[in-house]
Structures are given as structure tokens and as C-alpha cells.
Amino acid sequence: MRIAILSRNSNLYSTRRLVEAARERGHEVDVLNPLSCYMNINARENSIHRHGKELPYYDCVIPRIGASVTFYGTAVLRQFEMMGTYPLNESVAISRSRDKLRSLQLLSRKGIGLPTTGFADQPQDIPDLIDMVGGAPLVIKLLEGTQGIGVVLAETAQAAESVIEAFMGMKSNIMVQEYIREAGGADIRCFVLGDKVVASMKRQAKEGEFRSNLHRGGSASLIKLTPAERQTAIKAAKTMGLNVAGVDILRSNHGPLVMEVNSSPGLEGIETASDKDIAGQIITFLEKNAKAHKTRTKGSRG
Ligand code: ADP
């Protein structure tokens, strides 16, 4: 197969591993920066150009699109889809998962456990918003935050009110969430591929921190999932329409609660913790599933 990886940096661990795994299995692979791809959109035949030349046809494309380039990156991915290239994750599913609120709404519709979450626009609604999620302590999250940045634990209703007011004053979109204390500063990353959880790890926040992100000094270790956790992760990925997803779960005293479904889960932490060849499994998945025009985004020949 001829495989394209949409990634801005070919030195990143995940990108390098995917290139390696594809070549090991005899595939041709190119790493393309989505921002250097430009598109010809017309009614007859769509094309993608780069550095003054038209790109060849690719059998599949692996999107590794960073949050900061979601808009342009998903447009490029959609162009590949319209030309018949099979995407590991579809552009519509990636856009859906990047909208944190919309994701929670879709998951809740399927009955998937979530931390109770509130969202409001006006400062006068803050006291009721805090009550709605069960009062302090509570978690306040910037909608556009990643890697734990913009996630704040407010211990008292007073602290919560001031922080929410400050974010609202800055016109930042935030959500307010019930604090799952019994998770003990840990969460579980479930790596879903197709209809299976192929690896999982527990991330534990460092001392004095409630955010378990590895970027915030958290540490990863192996964990055995319960059947409920496994099923929840698979259902969450399916609800978002993602073939590959990193589903982040909190262990609460009323079962697994999904915090987030990540459409470009990193490989480094999970391959290291699980000692599994996840990149290889992704390429094997593509070998089994990649077929031309097998997406919901249809082009003129679709
Ligand atoms: P990001 O997407 O920026 O990583 P998250 O929503 O995943 O933000 O939050 C970062 C970390 O904070 C999580 O990995 C988890 O450890 C902790 N956390 C987030 N929400 C809650 C919550 N409602 N209750 C307890 N801990 C939470």
C-alpha cells in the first residue's frame, strides 16, 4: 500500500513509529505536513498539491493532526477522503471529538458514564451552575485546553465563582465538572483500535497534583481493566466514529466515567507502558480495512 501520514513533525515518536511499522511490512510511506498541502476543489476531479506538484494517489492516510491545526488539517484530510483514500480516522469524527462539549453531549445520549458537566454563558448563572454539578470542590476546564492546561480544581464555591467569572470575563469557553475525588489523581487511558481495547495504562498524578497528564509530571503504569471499563471505552470510540481513539476514563464509585475521547492518541506512553507494538497493530488494521471510497465523505467518483 501507499500510505500518507499527516503530521507536522516526522521526528515525533508516534510519527516515527508509524513510518517504521509501515516500512517493516513492505509499504511505501510519506510523512506530509498538512499545512504544506493545498487543494484544488472542483466538480470534476479533486487534487492535492505540495511544493508545486500534484500528490500521487494514496491507499490510506493516517491523520496525526494537532489541536492547533484542526481546521486546516481536517480540510486536507477531507480532500484525501473525497479522492477515495481510506482514512484511519475520518475527518468528521476528528472534528466531532475536538469539540469537547459536543463530544460529552453525544456520549451522554448513548448512556455512557460521564462526570456531571455544566456549561453557561452568563455570570449571573454561575451559582446555579455550581449547584448543578454538586457544588465545590469542582473542576473548571477551558474548552480549548490540552495536556491539562486550563484545568483547575476549585476547592470552595467562592474560589469556583471567582475563577469562572475571570474566565467568562476573558470570553473563554469553559465547562464546570463534578470533581471525582475517589479517582485519587489517576485516570486510565484506553487505546482503542477498531472494536478492541489493544492496550491500557493508568496515569497517576505526581504528589500534590490532581491532573494525571504525563506532560504534567504524571507517571504511567500497567493496569487491568474491568469488563465495564473495556466496554465503556469501545462504546465511546464507536459513538465518536473513531477507529483509533485514546479514551480517558476516571474510576468513580459509581463506575467508569469518560472524560475525553482523543482522536490522535500518542504512542510513546502507551507503547512504553504496555510493551506492545501498537504502531504495527495500526498498520495491520489498515491492511485489513483500507478500501477506496470507504468513508462517509464522498467525492465526485464516490
Ligand atoms: P486535557 O484534555 O487538557 O488533558 P482533562 O480533561 O483530560 O484535560 O484533564 C486533565 C487531568 O485532570 C485528567 O487526566 C485527570 O487526571 C484530571 N481530571 C480532569 N477532570 C477531572 C474530574 N472531573 N475529576 C477528577 N479529576 C479530573
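The questions below concern a predicted model.

Q: Which residue of β13 is the bridge partner of F191?
A: Strand β12 covers residues 186–193, and F191 is one of the residues in β12 that point the same way as D187, R189 and L193. β12 pairs with strand β13 (residues 196–204) in the antiparallel sense over eight bridges. In β13, the partner of F191 is A199.

Q: How many of the residues of strand β12 are buried?
A: In a regular strand, side chains alternate between the two faces of the sheet. In β12, A186, I188, C190 and V192 point one way, while D187, R189, F191 and L193 point the other way, and all are buried. The count for the strand is therefore eight of eight, with buried meaning under 20% relative accessible area.

Q: Which residue in the turn of the β12–β13 hairpin has a positive phi?
A: β12 and β13 are antiparallel partners. They form a hairpin with two residues between them. The turn residue with a positive phi, about 65 degrees, is G194.

Q: What is the order of strands in the open sheet of four strands?
A: Strand β1 (residues 2–6) and strand β6 (residues 60–63) run parallel and are joined by four bridges, with P63 as the bridge partner of L6. The pairing in this sheet is parallel. Its edge strands, each pairing on one side only, are β2 (28–32) and β7 (86–87). The order is β2-β1-β6-β7.

Q: How much of the ligand's exposed area does the protein bury?
A: The ligand is surrounded by 19 residues, and the closest are K141, G148, E178, N213 and E260. Strands β9 (138–142), β11 (174–178) and β16 (255–262) each supply at least two residues of the shell. A polar side-chain atom of Q177 lies 3.2 Å from a ligand nitrogen atom, and an N or O atom in the side chain of N213 is 2.7 Å from a ligand oxygen atom. Taken alone the ligand exposes 550 Å², and the share of this that the protein buries is 96%.

Q: Which residue meets E260 in a salt bridge?
A: A polar side-chain atom of E260 lies 2.7 Å from an oxygen atom of the ligand. The side chain of E260 also takes part in a salt bridge (3.8 Å, N to O). E260 lies in strand β16 and its partner in helix α4 (residues 100–109), so the pair ties together parts 160 residues apart in sequence.

Q: How many residues apart are R17 and E271?
A: The side chains of R17 and E271 meet in a salt bridge at 2.7 Å, N to O, and both residues are buried. R17 is in helix α1 (residues 13–24) and E271 is in helix α8 (residues 268–274). The pair links distant parts of the chain, and the separation is 254 residues.

Q: Is F71 buried or exposed?
A: F71 is found in helix α2 (residues 70–82). With L35, Y38 and Y72, F71 makes a nonpolar surface patch of about 430 Å². Because its relative accessibility is 74%, F71 counts as exposed.

How values were computed:
Residues are numbered from 1 along each chain as its sequence is written. This is a predicted model: local features need pLDDT of at least 70, side-chain atom pairs count only at pLDDT 80 or more; totals for chains, interfaces and linings use all residues. Side-chain values use heavy atoms; hydrogens and water are left out. Patches are made of residues with over 30% relative accessible area and no salt bridge: like charges are joined within 9 Å, nonpolar side chains (Val, Leu, Ile, Met, Phe, Trp, Tyr) within 5 Å. Accessible areas come from the Shrake-Rupley method with a 1.4 Å probe; for residues, only the protein chains shown count as cover. A salt bridge is a side-chain nitrogen of Lys or Arg within 4 Å of a carboxyl oxygen of Asp or Glu. Buried means under 20% relative accessible area, exposed over 50%, partly exposed in between (1.4 Å probe, protein chains only). Two strands pair if DSSP finds at least two bridges between them. A residue is near a molecule or strand if one of its heavy atoms lies within 4 Å of it. A polar contact is a pair of N or O atoms within 3.5 Å; within protein, one must be able to donate a hydrogen and the other to accept it, and residues adjacent in sequence count only if both atoms are side-chain atoms.
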